[in-house]
Amino acid sequence: MSATASSAISVATKPLKSLSLSSRSPLPSAASVAFPTPRRRLVLVACTAGDGSKPTILVAEKLGEAGVKLLEDFANVDCSYNLTPEELNTKISLCDALIVRSGTKVGREVFESSRGRLKVVGRAGVGIDNVDLSAATEFGCLVVNAPTANTIAAAEHGIALLAGMARNVAQADASVKAGEWKRNKYVGVSLVGKTLAVMGFGKVGTEVARRAKGLGMRVIAHDPYAPADRAHAIGVDLVSFDEALATADFISLHMPLTPATSKILNDETFAKMKKGVRIVNVARGGVIDEDALVRALDAGIVAQAALDVFTKEPPAKDSPLVQHERVTVTPHLGASTMEAQEGVAIEIAEAVVGALNGELAATAVNAPMVSAEVLTELKPYVILAEKLGRLAVQLVAGGSGVKNVKVSYTSARATDDLDTRLLRAMITKGIIEPISDVYVNLVNADFTAKQRGLRISEERVLLDGSPENPLETITVQLGNVESKFASSLSESGEVKVEGRVKDGVPHLTKVGSFEVDVTLEGSIILCRQVDQPGMIGTVGSILGESNVNVNFMSVGRIAPRKQAIMAIGVDDQPSKETLKKIGEIPAVEEFVFLKV
C-alpha cells in the first residue's frame with residue numbers, strides 16, 4: 001500500500017534549451033561489481049576564491065574587534081569605511097562577501113558590479129531594508145543578519161527613551177545647563193497604570209513589553225504574525241492596529257521598514273490616536289511620516305515623541321522635527337552598548353564565515369529556513385538530487401527545450417515530515433547549470449527556474465515500513481524532450497533517472513526502465529547492448545588500455561540474452577578514440593558519456 005501527495009512550483013517565460021519531465025515504472029534486475037569511491041562534502045552556497053586561495057571579505061562599516069579577528073582567521077579582510085557608491089561598486093568585484101551596518105546601501109548595482117563573485121552579504125544588525133533582497137536572490141547571493149545580539153540593547157534604549165520622555169529628562173538637562181531652574185515647566189507624567197501599545201511584537205518588542213510590565217504599565221501589542229500564546233505568557237493582549245492607536249497612552253514602534261509599513265504613522269493614523277499620546281521609535285525612521293508627526297505635535301494630538309531613528313540619517317540640522325521642543329532625539333543608539341557591539345560583530349562574522357564554508361546560516365533572510373538537524377540528515381540526498389538533475393539534462397538531445405520536470409520521492413515518512421525544498425533546489429541546480437552560465441543555489445533556485453520557464457512538480461509516494469531514512473528513492477523525469485540515449489526513456493516517453501543513498505553514498509539505480517547500480521562519482525558511461533557473455537570484459541579492456549580507471553560497474557537487463565544496460569563509473573574522461581572503440585563493439589547498440 002502506498003499513498004501519493006503532490007505539490008508544484010510553476011514558472012513561465014523562456015524555455016531552457018533542451019530539458020523536461022515525467023515519472024514511472026517498476027524495475028528489472030541488476031548485477032553489480034563494486035570499486036572503492038571517495039566521499040564528498042555538501043556545499044550549499046560555495047566559496048573560496050577562484051584560485052583556491054582564501055576568500056576576500058569587505059567590511060564597509062565599523063565592526064567590533066572580536067568579529068574582525070574571527071573573519072581574519074578565515075579570510076582576507078578589507079576594512080574600508082565610508083566608501084562612496086562608486087568606490088563600493090569598484091571594490092565589490094574582488095570580494096566574496098560584504099559586511100555592512102545600516103549606513104551602506106547595497107542595491108542592484110552592487111550585485112551587478114560583483115559579476116557573480118559576491119556570495120554573501122552580512123548585515124550587522126536586524127534591519128535589512130538597506131539591502132536589495134530581490135536583486136540578491138536573483139544573483140544567488142545569500143543575505144544574513146545578526147538579529148539577536150542587539151535585542152536587549154535596543155529594548156533597553158526604548159525603555160530609556162520612554163522614561164526619559166515621560167519625565168522630560170533631556171529638556172530639563174539642557175535647561176539646567178543653560179543656567180535655568182524651571183521645575184514647573186518640566187512636570188512629567190507617570191508610567192504606572194498607563195497603556196503602552198507595542199507595534200511589532202518580535203524579539204525587541206517582546207523585551208520592551210516585559211520591561212514595561214515591570215514598570216507597572218498595561219501592555220497591548222499589534223502584530224499580525226505574533227503567536228497569541230507568547231503574548232499571553234507575559235500578560236500582553238494582542239489587538240488590532242486601530243484598537244492599539246485608539247487606546248494607547250504610549251506607542252513604541254518595533255516593526256521593520258517594508259512597503260506595507262512605510263509611513264504607517266501618517267496624518268490619517270495620527271487622527272485615530274488618543275489626544276496626548278506619546279511615541280517612541282527605536283525601529284526604522286521611515287515608518288513615521290516625519291512631516292505629519294510635526295503637524296500632530298503642533299496640533300496637540302501627540303504630546304511628545306522620542307526618536308532614535310530617522311528617514312534620512314543624519315537628519316538635517318534645521319529639521320523641524322529634531323528642533324521641536326517636545327521631541328527627544330538620539331543618534332541611532334539602539335544597538336550602541338559595548339556588549340551589543342561585540343555580540344553583533346561576532347554573530348555576523350560567524351554567519352558570514354559559515355556561509356562561505358557552505359553552511360546555510362540560521363539567520364539567512366532570503367533563503368528558506370532549513371534546520372541544522374534536517375540539513376545534517378539530508379546531506380547525502382542533497383548530493384544525490386543535484387547529480388540526478390545533472391545526469392537527466394545530459395541525456396536530453398537538443399531541440400525542444402526543457403519545460404517540465406517531475407520529481408518523485410519515495411519515503412516511509414509522512415508528507416509533513418519531509419521538507420523537500422532543499423532537494424528541489426539542488427535538482428534545479430543540476431538541471432540548469434550544465435546548460436547555462438547561471439550559478440544556482442538554495443537562495444535563487446526557484447527564482448531561476450521561474451525566470452527560465454521551467455515547471456517543476458513534486459510527487460511524494462508514501463511507503464510502508466520504518467521511516468528510519470528520510471527517503472528511499474528520488475526520481476527525476478524530463479518530459480516532452482528527445483533523448484540522445486533512447487534507453488533512458490520511460491514507458492511513457494520521458495527521460496528518467498532514479499537514485500538512492502547507500503551507506504551514505506549516492507547511487508544511480510535506474511535509467512529509463514532499466515535497473516542499474518553505480519556510484520555517482522567521477523563520470524558514467526551508459527551502454528545499451530545485447531546481453532551476452534564477455535561484454536564487461538571487452539569494455540573494461542578498452543578502458544584499461546586507455547588508462548581509464550573504472551570505479552564501479554553494473555548491468556541491468558530486461559531478461560537473459562535480451563537487451564541490457566551497462567553502467568560504468570570512471571574516474572577519468574575517456575578520449576574520443578576510446579569512446580569510439582566502445583561504440584564499435586558489435587553488441588553495443590547505443591552509448592553515452594555523462595559527467596557527474
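This is a predicted model: local features need pLDDT of at least 70, side-chain atom pairs count only at pLDDT 80 or more; totals for chains, interfaces and linings use all residues.
**Overall make-up**

The protein contains 18 helices and 24 strands. Of its 596 residues, 55% are buried.

**Cysteines**

The disulfide count is 0. Two cysteines, C95 and C141, are listed below with their relative accessible areas. The cut-off for a buried residue is under 20% relative accessible area. C95 has 2%, so C95 is buried. C141 has 0%, so C141 is buried as well.

| Residue | Relative accessible area | Class |
|---|---|---|
| C95 | 2% | buried |
| C141 | 0% | buried |

**Helices α17 and α18**

Helix α17 spans residues 535–545, and helix α18 spans residues 576–583. How are the two helices oriented to each other? The angle between α17 and α18 is about 165 degrees. Angles over 145 degrees count as roughly antiparallel, and α17 and α18 are therefore roughly antiparallel to each other. Their axes are 10 Å apart, and the crossing of α17 and α18 is right-handed.

Which residues meet where α17 packs against α18? On the α17 side they are V539, I542 and L543. On the α18 side they are T578, K581 and I582.

Methods:
Residues are numbered from 1 along each chain as its sequence is written. Side-chain values use heavy atoms; hydrogens and water are left out. Helices (H or I, at least four residues) and strands (E, at least two) are DSSP runs, numbered from the N terminus. Buried means under 20% relative accessible area, exposed over 50%, partly exposed in between (1.4 Å probe, protein chains only). A disulfide is a pair of cysteine sulfur atoms within 2.5 Å. Axes are lines fitted to C-alpha atoms, for helices over the stretch in contact, and angles run from 0 to 180 degrees between N-to-C directions. Angles under 35 degrees count as roughly parallel, over 145 as roughly antiparallel, 65 to 115 as roughly perpendicular and the rest as oblique. A crossing is left-handed if the near helix is turned anticlockwise from the far one by less than a right angle, and right-handed if clockwise. Contact means heavy atoms within 4.5 Å.
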